[in-house]
Amino acid sequence: MELLSNQPMYQTVPEKYIFPPEKRVVNDIILHSVNFPVIDLRGGRVDAEGWCEIIGEIMKAGKEFGFFQVINHGIPEKTISDMLQVCDEFFKMPVEEKAQYYSNDLSKPFLLNSSTTYDKSETRYWRDYLRLVCYPIEEVIDSWPEKPENFRAVLSEYTLQVRELSSKLLKLIAEGLGLDKDYFGGDFSTGKTQMNINHYPPCPDPSLTMGLLPHCDRHLITLLAQGTVSGLQARYMEGWINVEPIPNAFVINFGHQLEIITNGLLKSVEHRAVTNSAIARTSIATLIIPKTDCLIAPAKELLNENNPPKYKEFIFSEFIKAYSAASASREDVLEFFKLN
Ligand code: OGA
Ligand code: NI
């Protein structure tokens, strides 16, 4: 078992974590002056047509960035801080305690792993992570660790709250698209909800390593809590935007399925995680996933002669297969499902 979080701090980066120069971040353009959208969910005046301001902001952000942050979203601060804390405590536990969860078997409902990679390169990510199914809670809770002591209770509460926020957002998005507000409420969002709890220990030379290489998320929508340490970057035009942490905010981004259902209107945008030399970073990504046998296709309500379907129909499980085969490359994976 190999875990970055239990190594004594490396003085130099071991060879297997060093990316070739073209995959490193040093020469990339970081767009410091672009205003990344932050949406206050408590705001939202409703105008004479019944159109809520928040919906307009979400649609604008979704079309331009595929990403936004939400504040005043209704999830108590304590739910978020307890969750981040219990995750940090998990990674700080001694190796012997964690070893029982370490696995390469992705079919497990709870697993700990380290330094895997999405693409075909052999270079390892500077990241330990937990990958777990968090919903339906009663089906999976027995697979969650009993230590730290309050792990199960905190994760249950966090799961309920985040799923509720995801429903709220999906309703707003459906309304913004002119669809029934429950459009995404069925099979599109009721597959097993997954969490990636990412832990990026300090790295002696962040210019050589990556926490996560650029990728798009494969499912419907992601809600990310990233604590107070920056590291997430989102692709924007020819460069990257640092998604600066806002205390207690959630970063929301669209997965491939939402892009396809909206026939390309809402973008699934590439993002990555960079490392830093000063401080460990923990992020919690909650992934809202369609049912395995869910039929995915551009929503008929959105199509017309000026907006013909860009993607063919498929079953969600076919997408997952193609995503793995294409090693998460955005262009390659969409190529499987595009109509010309
Ligand atoms: C992910 C992801 C980003 C981060 O887990 O899919 O993109 O900031 N995480 O850790
Ligand atoms: Ni991601």
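**View 1. The shell around ligand 1, by residue class.** In this predicted model, the shell around ligand 1 has five nonpolar, five polar and two charged residues. Its members are N196, N198, Y200, L212, H215, D217, L224, L232, H271, R281, S283 and A285. Three strands each supply at least two of the shell residues: β5 (193–200), β6 (212–215) and β12 (281–288).

**View 2. Polar side chains at the oxygen atoms of ligand 1.** The side chain of S283 places an N or O atom 2.6 Å from an oxygen atom of ligand 1. For H215, a polar side-chain atom lies 3.2 Å from a ligand oxygen. For N196, the separation between a side-chain N or O atom and an oxygen of ligand 1 is 3.4 Å. Ligand 1 would expose 300 Å² if taken alone, and the protein buries 98% of that area.

**View 3. Strand β10, buried on both faces.** Strand β10 covers residues 250–254. Five of its five residues are buried, so the strand is largely enclosed by the rest of the structure. Side chains in a regular strand alternate between the two faces of the sheet.

**View 4. The partners of β10.** Strand β2 (residues 67–71) runs antiparallel to β10, and four bridges join them. Within this pairing, V70 has F250 of β10 as its bridge partner. Strand β7 (residues 221–225) is also antiparallel to β10, again with four bridges. Here T222 has N253 of β10 as its bridge partner.

**View 5. Strand β2 and its parallel partner β1.** Strand β2 is mostly covered, with four of its five residues buried. Strand β1 (residues 38–40) runs parallel to β2 and is joined to it by three bridges. D40 stands opposite I71 of β2. β2 also pairs with β10, in the antiparallel sense.

**View 6. N72, a positive phi in the loop that links β2 and α2.** N72 sits in the loop between β2 and α2 (77–92). Its phi is near 50°, a positive value in a residue other than glycine. Most residues other than glycine have a negative phi. The relative accessibility of N72 is 35%, so N72 counts as partly exposed.

**View 7. M237, a positive phi in the loop that links β8 and β9.** M237 lies in the loop between β8 (232–236) and β9 (239–242). Phi of M237 is near 45°, again positive in a residue other than glycine. At 63% relative accessibility, M237 counts as exposed. N72, by its value of 35%, is partly exposed.

**View 8. R272, a buried arginine with two polar contacts.** R272 belongs to strand β11 (residues 271–273). Its relative accessible area is 3%, so R272 is buried. The side chain of R272 makes a polar contact of 2.6 Å with the side chain of D28. A polar contact of 2.7 Å joins the side chain of R272 to that of Q233.

View 9. Most peptide bonds are trans. The bond from Y135 to P136 is cis, with omega near 0°. P136 is found in the loop between β4 (128–135) and α4 (137–140). The bond between K147 and P148 is also cis, with omega about -5°. P148 lies in the loop between α4 and α5.

**View 10. Helix α5 from end to end.** Helix α5 comprises 27 residues, 151–177. At 1.5 Å a residue the helix should span 39 Å, and its end C-alpha atoms are 38 Å apart, which agrees. G178 follows α5, with a positive phi near 80°.

Notes
Residues numbered from 1 in each chain as written. Chains lettered and ligands numbered in written order. Predicted model: local features only at pLDDT ≥ 70, side-chain atom pairs only at ≥ 80, totals over all residues. Heavy atoms only, no water. Expected span 1.5 Å × (residues − 1). Near = heavy atom within 4 Å. Polar contact = N/O pair within 3.5 Å; in protein donor to acceptor, adjacent residues only side chain to side chain. Areas by Shrake-Rupley, 256 points an atom, 1.4 Å probe, with all protein chains shown as cover. Nonpolar A, V, L, I, M, F, W, Y, C, P; charged D, E, K, R; others polar. Buried < 20%, exposed > 50% of the residue type's maximum accessible area, 1.4 Å probe, protein only. Pairing = 2+ DSSP bridges.
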